[in-house]
Structures are given as structure tokens and as C-alpha cells.
Amino acid sequence: MWYHKPAINEELLQSLPNLKVVASAGVGTDHLDLKLLFSYGVKVSNTPFIVSTDTADMGMALLLASSRRLLEGHEMAVSPDTEYFPADWLGVEVSGATLGILGMGKIGYKVAERAKAFEMKILYHNRNQRKKEEESAVGAVYCKKVDDLLQQSDFVLLAMNLTPQTHKLIGKSELELMKPTATLINISRGLVVDQDALVEALQNKVIKAAALDVTYPEPLPRDHPLLKLKNVIITPHIGSATKKTRWVMMEEMAKSKEAGLAGLLIPREVL
């Protein structure tokens, strides 16, 4: 499967009685009905660890681009109407700012490693607290409650899987807890955020900005209000989109299929 295609539904499964393995690109499996697949005796694999480095890089790229207003700056610099650069056109500081990471798995931890190099203060919330030595290595402080992280952070970065528990985790009340100067960065899944609430929060300056590599749907309808806001950066779900990583993802998917057909242990099997 690539970009969640083809759709794995009952009709397809009934038409493929000899199907043994579904190899899916990327980390998330929220697009798959695992119970349905398992009921047909089909095994599933994904490529979770391969994408983490590039996706963490993407998170930091969005943070930096939003804070320093790179897209607006580029438009100003190349516009035929620009006669001078205004002295009061300013971004916000990254160094010394507080980054709150929701979801401190492989990707979230790699973001923390990068943020440490920018001298950021790092807070995080996760289902399970990291080991003390792992926290110390990046200078991260655990927040047991999401609310505490939201209230203290200058940048809130979402890096968790989409599950029933994280579906629209960030809604109106959570956005209102954030600082009016804060930026929301999403490199997880679009449905982790209540998008209507986000539009309202950005329009009413409840938060300062958003930088999103994921939305729902993808792509957004061309008349969607998020596309019209100056304080939003949206990229086309390209967290893992580098030549090397995409090549390795395809190799791992092929290995999973070969192992499944041979009756061998499947690398990266989703259980």
C-alpha cells in the first residue's frame, strides 16, 4: 500500500482469497481495519522506524519556517511590488523558547534531540514516561497532564499515532489553554486536531500560528479556510519524503511480502 491505496475492504479481501500480506508504507495503521484483515488470516506490516529521522527533521523545519515567517518573507522578497523591506517585520525567537511535544515515541524523541541543539526548553507528554537517562540526554521534562504542557509551551508539536484516544485530542478547550503567542505544529495525523476549532482559534488570535504537514482530508478542498490564513503553513504530508527514505521504505515492504509468502517471520509485523 502506498498513500493508503488501494483501499483494503471486504470486497477486495473476498476477491483475493490467496492474499497473505498487506505491506503498508509509513508508521500509522489508522487507515487499516486490522480486525477485518486478521479475520481473513492476512498479516500486516509497516515501516515505522525508517521514517522517524526525516519526519523529525520536518517537524523542526515547520517550527523554524513558522517562527521566522519564511513563506511570507519569501513572498515579500520576490514580489514585484516590494520597494523596501520594513524594519518592523519580525518573527519570534526559537532559541530559549519552550517546546511541548505530545507523543514522545521515536519521532518525538528525535525532535527533542534537534530542539536541544537550538537551546529550547523541552516538555513532553506521553502514555509512558521515558527513562530518566533518556530525559536527561535531551533535557526533557515530563508533564503528566496535557493541560500543563499546553499552558507552558511556546510551540506545541504533535507526534503521536492516531487512535480512538487521540482522535481530535486538540480541540477548542485545548487551544484556549495555549498561549496567544503559541504555534501548533502537526506532523502526526490531521484527525488528531479538531480542524474547525483550529480555524476559529487562528482567525480569533487564540493562538498565533499553525504549521501542518497533515490535514483532513488530504488535500484540503481548495476553498477551505485554512488555505486562506496568513498565519498557517501547510505542506503535503511530506514528513518521510526524501529519496533515500522512500527507497528504503519500498525495500522493507518488499522484504515483508517475500517473508510472508515464504511463511517466514515478517519484519515490522503489526500485531
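Student: What volume does the largest cavity have?

Tutor: About 40 Å³. Keep in mind that this is a predicted model.

Student: How many cavities does the search of the whole structure find?

Tutor: One of 30 Å³ or more.

Student: Why is it called a cavity and not a pocket?

Tutor: A cavity is a set of points where a 1.4 Å probe fits but cannot get out, whereas a pocket is an open set.

Student: Which residues line the largest cavity?

Tutor: Asn186, Gly190, Val193, Gln195, Leu198, Leu212, Val214 and Thr215. By class, the lining has four nonpolar, four polar and no charged residues.

Student: Now the domains. What are their bounds?

Tutor: The domain assignment gives domain 1 as 10-49 + 242-270 and domain 2 as 51-79 + 92-234. Their C-alpha centres lie 30 Å apart.

Student: How many residues from each domain make the contact?

Tutor: Domain 1 gives 10 residues and domain 2 gives seven. About 700 Å² is buried between domain 1 and domain 2, with 54% from carbon and sulfur atoms. In domain 1, Val27, Asp30 and Phe49 lose the most area to domain 2, together 59% of what that side buries.

Student: Why is the pair of aspartate 30 and arginine 189 called a salt bridge?

Tutor: Check the distance. The closest N and O atoms are 3.2 Å apart. The cut-off is 4 Å, so the pair qualifies as a salt bridge.

Student: How many salt bridges does the rule find across the interface of domain 1 and domain 2?

Tutor: One. The count of residue pairs in polar contact between domain 1 and domain 2 is five. The side of domain 1 that touches domain 2 has four nonpolar, five polar and one charged residues.

Technical notes. Residues numbered from 1 in each chain as written. Predicted model: local features only at pLDDT ≥ 70, side-chain atom pairs only at ≥ 80, totals over all residues. Heavy atoms only, no water. Domains from an automatic or database assignment. Contact = heavy atoms within 4.5 Å. Buried area = accessible area lost by both parts, 1.4 Å probe. Salt bridge = Lys/Arg side-chain N within 4 Å of Asp/Glu carboxyl O. Polar contact = N/O pair within 3.5 Å; in protein donor to acceptor, adjacent residues only side chain to side chain. Nonpolar A, V, L, I, M, F, W, Y, C, P; charged D, E, K, R; others polar. 1 Å grid on protein atoms, 1.4 Å probe; cavity = no way out; pocket = protein on both sides within 12 Å on 5 of 7 lines; lining within 4 Å. Points joined across faces, edges and corners; volume = space filled by probe spheres on them.
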